[in-house]
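Have a look at the structure, then try the exercises before reading the solutions.

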Amino acid sequence: MQAERVSITGSMLYDLVACPHRLHMDKFADPAERDPVSPFVQLLWKKGVLWENEVMAGLDAPFTDLSGYRGEEQECKTREAMRRGDALIYAGRIRSGDLLGIPDLLRREGTGYLAGDIKSGAGVEESENLAKLKKHYAVQLALYTDILERTGFSAGRRGFIWDIHGYEVDYDFTRPQTERNPRTLWQEYEAVLSHAKAILSERRATRAAYASICKLCHWHSACMKQIKEADDLTLIPELGRSRRDAMVESVPTVGALVTADTSEFREDEKTIFRGIGPATLDKFSERARLLAAGPDAKPYLKQPLELPAAPVELFFDIEVDPMRDHCYLHGFVERRNGESNSERFVYFFAEEATEEAEKQAFAQAWNFMRASRPCAIYYYAPYEKIIYRKLRDKYPNVCSMDALEALFDAPETVDLYTDIVRKHTEWPTHDYSLKTLARYLGFDWQDTDPSGASSIEWFHQWTDTGDEAIRQRILAYNEDDCRATRVLRDALQSMAMA
């Protein structure tokens, strides 16, 4: 019997960049073990299709539309269009050997073609001080480019993204990624492609790993079962897949790390594990002991802690729709003089997905914080600060950069995750997310499906329907996030006073 032909696609490589084990599960696991696709992922698919249709409908230039074809007929029509030299081909399908590409766009340049995709996200990865090309986009485009090269239709090792902001982002696969990273995106692609072939041919085994990205995957339940049964090292907070892979031959499980003499893994000022120093190894060893201690384990402080004393405290959380790059809710639980009966939820909601509504909500939230001072402001992780900087750049009339930086740099403004939890504490949990820690402390969310992803999906429902019940669901979720921040702050204060 002839072996089944396995085609390697751009979407496979996209998924592999995030999680190699997903590719294995998609190919070899029992489909009955799959979780239902989350509403948020369905929303991503829907919005991606709608955005693609909107872009193509608004295009001034003529193009060859192959979206009505499928399979081999689509491949045949694509080859015919490229041989004719059509200027722009939409929804083509290209193949070479075991490589199969379905690029959104094929654009003629000179005598060849460049491949492009239409994305309902930004074309680059943005952080506070850096914008870089996205590896998961790059490997998709590189696969299309590889096929074009192998079939004699390539205009060079480049591709492009048309992104949600209307920009065309060029992906040059021949240039070093950064000054500190000389590897090209083509080298990254070749490594990912080789990895995919090894997984699909079962020449390379993969392991499930515990990570935040797993929560939206359709294999989440199945992989969590594998991880817990294996007592996998990624159950230790912040250890992660790459560190687990560096350690696993010497320390295969959490239990093994508990009983190990970590001095055996040290060499001078380093350890035998790449990327893991002695202090980090000791930290993971301590976290393993906390996890192994079971119900008797308690969180503790690693060093003294003093939280700001203020007559007014604001517990702050925002909600952002990354598909629209739109901050739609600023929520605060306000508490006066540390008294629970003084608490009230204050929010500023962008009633529409427009810049005007976003600016108004931002201005209202900014003015509320300014008017509340002197006060202590608590939030969890750097996200709020990053988004407020983006909002300030977008709407410079709301506040000055100096005023914004002064507010977030004030000693009374505290990022509980960055400033306190990571630096001062250890917890007997598998991660340090706000939901995990607050639930450990006995707090729970009112909603049956509380998550930032769900809130985004609800916001899209709200803008589509105007259903007040959906709006109230968004507000209740945000209020619970703010109260969870207060619960954590109070627990940290109690630990400091113990």
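This is a predicted model: local features need pLDDT of at least 70, side-chain atom pairs count only at pLDDT 80 or more; totals for chains, interfaces and linings use all residues.

**Exercise 1.** Work out how helix α3 is oriented relative to helix α16, and which residues make the contact.

*Solution.* 
1. Find the two helices: α3 covers residues 39-57 and α16 covers residues 452-465.
2. Look at the axes, which come within 8 Å and cross at roughly 55 degrees.
3. Angles under 35 degrees count as roughly parallel and those from 65 to 115 as roughly perpendicular, so at roughly 55 degrees α3 is oblique to α16.
4. Sort them by class, and you get five nonpolar, one polar and four charged residues.

**Exercise 2.** Now describe how α16 packs with helix α17.

*Solution.* 
1. Locate helix α17 at residues 468-497.
2. Read off the geometry: the axes of α16 and α17 lie 9 Å apart, at an angle of about 155 degrees.
3. Angles over 145 degrees count as roughly antiparallel, and therefore α16 and α17 are roughly antiparallel to each other.
4. Check the handedness, which is left-handed for α16 passing α17.
5. Name the partners: on α16 they include W458, F459 and W462, and on α17 they include I470, I474 and Y477.
6. Count by class: this contact has six nonpolar, four polar and three charged residues.

Terms used: Residues are numbered from 1 along each chain as its sequence is written. Side-chain values use heavy atoms; hydrogens and water are left out. Axes are lines fitted to C-alpha atoms, for helices over the stretch in contact, and angles run from 0 to 180 degrees between N-to-C directions. Helices (H or I, at least four residues) and strands (E, at least two) are DSSP runs, numbered from the N terminus. Contact means heavy atoms within 4.5 Å. Ala, Val, Leu, Ile, Met, Phe, Trp, Tyr, Cys and Pro count as nonpolar, Asp, Glu, Lys and Arg as charged, and the others, Gly among them, as polar. A crossing is left-handed if the near helix is turned anticlockwise from the far one by less than a right angle, and right-handed if clockwise.
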